[in-house]
Amino acid sequence: MDIREIQNLIKFVSKAEVSEVKYKTKDFEITIKTPLAGNDTVSYISQPAMYQGQAPAPQATPQAAPAAAEKPAEAASDDSKYLTIKSPMIGTFYRKPSPDKDVFVNVGDEVSNGKVVCVIEAMKLFNQIESEISGKIVKILVDDATPVEYDQPLFLVDPS
């Protein structure tokens, strides 16, 4: 099963509003658990028997999103005018292409459609994430080298 198939399965499970789905083959097993009332998705992936004696480690853990009640009403209304660049997959978010390179984007930088804004590592593959919108980066919502979920907001962009 490749990363695209896993992403499609996660999309399907979240839209189907089921609490848990297990998919198992001879060499691969994935369990996707979703809270029925929420948007956080937790996926556990285990590989073939070569890992005997070890419990499968979670591939991704949900990030605690700040509650709207924690923000002042003004800040919430200000953020509504911005567009969001979201994670297209589960993985680890990196702002740099490698540790010795500069970050892809900073707050205040202009982005355009197709510009690489970050890298998400999933199952030892580094996937460049391109902006699908044009504008100015106003906020980076995720810390470098932290796990992200599918559809998790990564950047706020001012389209004006």
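The predictor's confidence in each residue is expressed as pLDDT, on a scale from 0 to 100. In this predicted model, local features need a pLDDT of at least 70 and side-chain atom pairs count only at 80 or more, whereas totals for chains, interfaces and linings use all residues. Residues are numbered from 1 along each chain as its sequence is written, and side-chain values use heavy atoms, with hydrogens and water left out.

The protein chain has an average pLDDT of 77, and 71% of its residues score at least 70. Strands are DSSP runs of E of at least two residues, numbered from the N terminus.

Where pLDDT is low, the predicted coordinates should not be read in detail.

A nonpolar core is a set of buried (under 20% relative accessible area, 1.4 Å probe, protein chains only) Ala, Val, Leu, Ile, Met, Phe, Trp, Tyr and Cys residues joined through side-chain atoms within 4.5 Å. The largest such core holds 18 residues, of which F93, V117, C118, I120, L154 and F155 touch the most other members. Two or more residues come from each of β7 (116-122) and β11 (153-158), and β7 gives the most, with four. Beyond four places in sequence, V117 is in contact with residues including I85, F104 and F155.

Conventions: Buried < 20%, exposed > 50% of the residue type's maximum accessible area, 1.4 Å probe, protein only. Contact = heavy atoms within 4.5 Å.
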